[in-house]
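Here's a quick tour of one structure, taken a few residues at a time. Have the viewer open as you read.

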Amino acid sequence: MSKLGGATARVVKGALKARQTRAALTLTNQAVQRIRVLLAQQNDANALKIGVRQKGCNGLTYTLEYAREKQKFDEEVEQDGIKVWIEPKAQLSLLGSEMDYVTDKLSSEFVFRNPNIKGTCGCGESFSI
(Lines give C-alpha, C1' and ligand atoms only; values in the text may rest on other atoms or scores of the structure.)
Protein backbone atom coordinates (compact mmCIF):
# COMPACT_ATOMS: atom_id res chain seq x y z
CA MET A 1 0.00 0.00 0.00
CA SER A 2 1.10 3.55 -0.61
CA LYS A 3 -0.38 6.75 0.65
CA LEU A 4 -2.26 9.09 -1.66
CA GLY A 5 0.07 11.90 -2.58
CA GLY A 6 -1.49 15.31 -1.98
CA ALA A 7 -5.01 14.02 -1.31
CA THR A 8 -6.74 15.22 1.80
CA ALA A 9 -9.94 14.20 3.53
CA ARG A 10 -12.32 16.24 5.64
CA VAL A 11 -15.14 15.12 7.94
CA VAL A 12 -18.51 16.88 8.06
CA LYS A 13 -20.95 16.28 10.91
CA GLY A 14 -24.58 15.86 9.97
CA ALA A 15 -27.36 13.58 8.93
CA LEU A 16 -27.90 12.47 5.38
CA LYS A 17 -31.11 11.96 3.47
CA ALA A 18 -33.15 8.98 4.63
CA ARG A 19 -32.26 5.67 2.98
CA GLN A 20 -33.89 2.29 2.86
CA THR A 21 -30.80 0.53 4.22
CA ARG A 22 -27.61 1.79 5.77
CA ALA A 23 -24.82 1.02 3.36
CA ALA A 24 -21.31 0.90 4.70
CA LEU A 25 -20.42 3.86 2.50
CA THR A 26 -21.85 5.54 -0.57
CA LEU A 27 -19.83 7.51 -3.09
CA THR A 28 -20.94 10.59 -4.98
CA ASN A 29 -20.35 10.76 -8.73
CA GLN A 30 -17.51 13.21 -8.11
CA ALA A 31 -15.82 10.80 -5.67
CA VAL A 32 -16.17 7.90 -8.12
CA GLN A 33 -14.63 9.96 -10.92
CA ARG A 34 -11.70 11.13 -8.78
CA ILE A 35 -10.97 7.64 -7.42
CA ARG A 36 -11.06 6.29 -10.98
CA VAL A 37 -8.43 8.88 -12.04
CA LEU A 38 -6.23 8.17 -8.99
CA LEU A 39 -6.36 4.39 -9.47
CA ALA A 40 -5.57 4.74 -13.18
CA GLN A 41 -2.37 6.57 -12.23
CA GLN A 42 -1.25 3.66 -10.01
CA ASN A 43 -0.28 0.55 -11.97
CA ASP A 44 -0.42 -1.80 -8.99
CA ALA A 45 -3.49 -0.46 -7.15
CA ASN A 46 -6.81 -2.31 -7.33
CA ALA A 47 -8.76 -0.23 -4.82
CA LEU A 48 -8.73 2.72 -2.48
CA LYS A 49 -8.46 1.66 1.18
CA ILE A 50 -10.00 3.71 3.98
CA GLY A 51 -8.79 3.36 7.54
CA VAL A 52 -9.03 5.28 10.78
CA ARG A 53 -6.15 6.32 13.05
CA GLN A 54 -5.89 8.10 16.37
CA LYS A 55 -4.69 11.56 15.46
CA GLY A 56 -5.64 15.20 15.65
CA CYS A 57 -7.27 17.34 18.29
CA ASN A 58 -10.56 15.42 18.27
CA GLY A 59 -9.15 11.91 18.42
CA LEU A 60 -9.63 10.16 15.07
CA THR A 61 -8.84 10.83 11.42
CA TYR A 62 -9.44 8.89 8.21
CA THR A 63 -6.56 7.51 6.16
CA LEU A 64 -6.67 6.92 2.41
CA GLU A 65 -4.23 4.53 0.75
CA TYR A 66 -3.85 2.63 -2.49
CA ALA A 67 -4.28 -1.12 -2.05
CA ARG A 68 -3.45 -4.19 -4.11
CA GLU A 69 -5.14 -6.90 -2.06
CA LYS A 70 -8.27 -6.98 0.06
CA GLN A 71 -7.59 -8.20 3.58
CA LYS A 72 -9.74 -10.89 5.18
CA PHE A 73 -11.99 -8.57 7.23
CA ASP A 74 -12.04 -5.54 4.94
CA GLU A 75 -15.51 -4.40 3.88
CA GLU A 76 -15.78 -3.96 0.11
CA VAL A 77 -17.84 -1.19 -1.42
CA GLU A 78 -18.11 -1.34 -5.19
CA GLN A 79 -19.84 1.43 -7.05
CA ASP A 80 -19.72 2.17 -10.77
CA GLY A 81 -16.76 -0.19 -11.20
CA ILE A 82 -14.70 1.44 -8.44
CA LYS A 83 -13.65 -0.58 -5.40
CA VAL A 84 -13.18 0.91 -1.94
CA TRP A 85 -12.01 -1.34 0.90
CA ILE A 86 -12.72 -0.31 4.49
CA GLU A 87 -10.47 -1.52 7.30
CA PRO A 88 -12.28 -3.27 10.17
CA LYS A 89 -11.50 -0.48 12.68
CA ALA A 90 -13.15 2.10 10.39
CA GLN A 91 -16.28 0.14 9.48
CA LEU A 92 -18.54 1.16 12.35
CA SER A 93 -17.48 4.79 12.22
CA LEU A 94 -18.25 4.95 8.47
CA LEU A 95 -21.59 3.13 8.52
CA GLY A 96 -24.12 5.18 6.59
CA SER A 97 -21.59 7.83 5.47
CA GLU A 98 -21.21 9.48 2.11
CA MET A 99 -17.83 10.12 0.50
CA ASP A 100 -17.65 13.12 -1.81
CA TYR A 101 -14.89 14.91 -3.72
CA VAL A 102 -15.08 18.69 -3.54
CA THR A 103 -13.04 21.25 -5.48
CA ASP A 104 -12.97 24.99 -4.89
CA LYS A 105 -10.55 27.82 -5.68
CA LEU A 106 -8.13 26.95 -2.88
CA SER A 107 -8.35 23.18 -2.43
CA SER A 108 -9.65 19.86 -3.61
CA GLU A 109 -10.34 17.07 -1.15
CA PHE A 110 -12.41 14.07 -0.23
CA VAL A 111 -15.19 14.93 2.22
CA PHE A 112 -16.91 12.38 4.45
CA ARG A 113 -20.48 13.29 5.43
CA ASN A 114 -20.82 11.16 8.50
CA PRO A 115 -24.02 10.96 10.62
CA ASN A 116 -22.21 8.99 13.37
CA ILE A 117 -19.72 11.57 14.58
CA LYS A 118 -20.27 13.59 17.74
CA GLY A 119 -17.81 16.40 17.01
CA THR A 120 -15.08 17.66 14.72
CA CYS A 121 -12.06 19.88 15.17
CA GLY A 122 -11.89 23.37 13.69
CA CYS A 123 -10.03 22.27 10.56
CA GLY A 124 -12.39 19.32 9.96
CA GLU A 125 -9.67 16.68 9.67
CA SER A 126 -10.29 14.89 12.97
CA PHE A 127 -13.49 13.73 14.65
CA SER A 128 -14.90 11.95 17.65
CA ILE A 129 -17.58 9.27 17.87
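## Thr63 and its contacts

In this predicted model, Thr63 touches Lys49, Ile50, Gly51, Val52 and Arg53, leaving aside residues up to four places away in sequence. Thr63 itself sits in strand S5. Is Thr63 buried or exposed? With a relative accessibility of 14%, Thr63 counts as buried, because the cut-off for that label is under 20%.

## The strand around it

Zoom out to the strand pairing. Strand S4 (residues 47-54) and S5 run antiparallel, and eight bridges join them. Across from Thr63 in S5 you'll find Gly51, which is also among the residues that Thr63 touches.

How many of the eight residues of S5 are buried? Seven are, so S5 is largely enclosed by the rest of the structure.

Searching the whole structure turns up two aromatic pairs. One of them is made by Tyr62 and Phe112, with ring centres 4.5 Å apart. What do you call the arrangement of these two rings? Their planes are at 35 degrees, so the pair counts as tilted: stacked would need an angle under 30 degrees and edge-to-face one over 60.

This pair ties together distant parts of the chain. Tyr62 belongs to strand S5 (residues 60-67) and Phe112 to strand S9 (residues 108-114), and the two residues are 50 residues apart.

## Ser93 in helix H2

Now hop over to a helix. Ser93 is part of helix H2 (residues 88-94), and with a relative accessible area of 6% Ser93 is buried. What lies 3.0 Å from a polar atom of the Ser93 side chain? That would be the backbone oxygen of Ala90.

## A backbone angle to look at

One last stop, this time for the torsions. Asp80 is in the loop between strand S6 (75-79) and strand S7 (82-86). The phi angle of Asp80 is near 50 degrees, which is a positive value in a residue other than glycine.

Key
Residues numbered from 1 in each chain as written. Predicted model: local features only at pLDDT ≥ 70, side-chain atom pairs only at ≥ 80, totals over all residues. Heavy atoms only, no water. Phe/Tyr/Trp six-rings, centres within 6.5 Å; stacked < 30°, edge-to-face > 60°. Helix = DSSP H or I, 4+ residues; strand = E, 2+ residues; numbered from the N terminus. Buried < 20%, exposed > 50% of the residue type's maximum accessible area, 1.4 Å probe, protein only. Polar contact = N/O pair within 3.5 Å; in protein donor to acceptor, adjacent residues only side chain to side chain. Pairing = 2+ DSSP bridges. Contact = heavy atoms within 4.5 Å.
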